[in-house]
Amino acid sequence: MSDHVYKKIELVGSSTESIEKAVDNAVEKASKTVRNMRWLEVGEIRGHIDDGKVAHWQVGVKIGFTLDE
């Protein structure tokens, strides 16, 4: 195994379904343009309340990926 250098990006995923789906949406979108994704960190979690119910989730996600050799 060789030594790696990692870069980290910050995204905010959103979903009307769940916190997990908001994270999935961020990772899926990033995977279309970012190569070598290896790990993620979940940070801030926010929700929008409408008519006394959670209507929308927003989750801060940091994604780490290896730089090309």
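Tutor: Quick definition before we start: two strands pair if DSSP finds at least two bridges between them. Keep in mind that this is a predicted model.

Student: Okay, in β3, which residue is the bridge partner of Glu41?

Tutor: Start with the strands: β2 covers residues 37–50, and 11 bridges join β2 to β3 in an antiparallel run. Another spot along that pairing is Met37, standing opposite Phe65 in β3. For Glu41, the partner in β3 is Lys62.

Student: And which residue takes a positive phi in the hairpin of β2 and β3?

Tutor: Look at the link, where 2 residues lie between the strands. One phi there is positive, near 55 degrees, and it belongs to Asp51.

Student: How many bridges join β1 to β3?

Tutor: Strand β1 spans residues 6–15 and runs antiparallel to β3. Within this pair, Ile9 stands opposite Ile63. The bridges joining β1 to β3 number 10.

Student: Which elements give two or more residues to the largest nonpolar core?

Tutor: That core has 10 residues, including Ile9, Ala22, Ala26, Val61 and Ile63. The elements that give two or more are α1 (19–30) and β3 (53–66).

Definitions and conventions. Residues numbered from 1 in each chain as written. Predicted model: local features only at pLDDT ≥ 70, side-chain atom pairs only at ≥ 80, totals over all residues. Heavy atoms only, no water. Core = buried A, V, L, I, M, F, W, Y, C linked by side-chain atoms within 4.5 Å. Buried < 20%, exposed > 50% of the residue type's maximum accessible area, 1.4 Å probe, protein only. Helix = DSSP H or I, 4+ residues; strand = E, 2+ residues; numbered from the N terminus.
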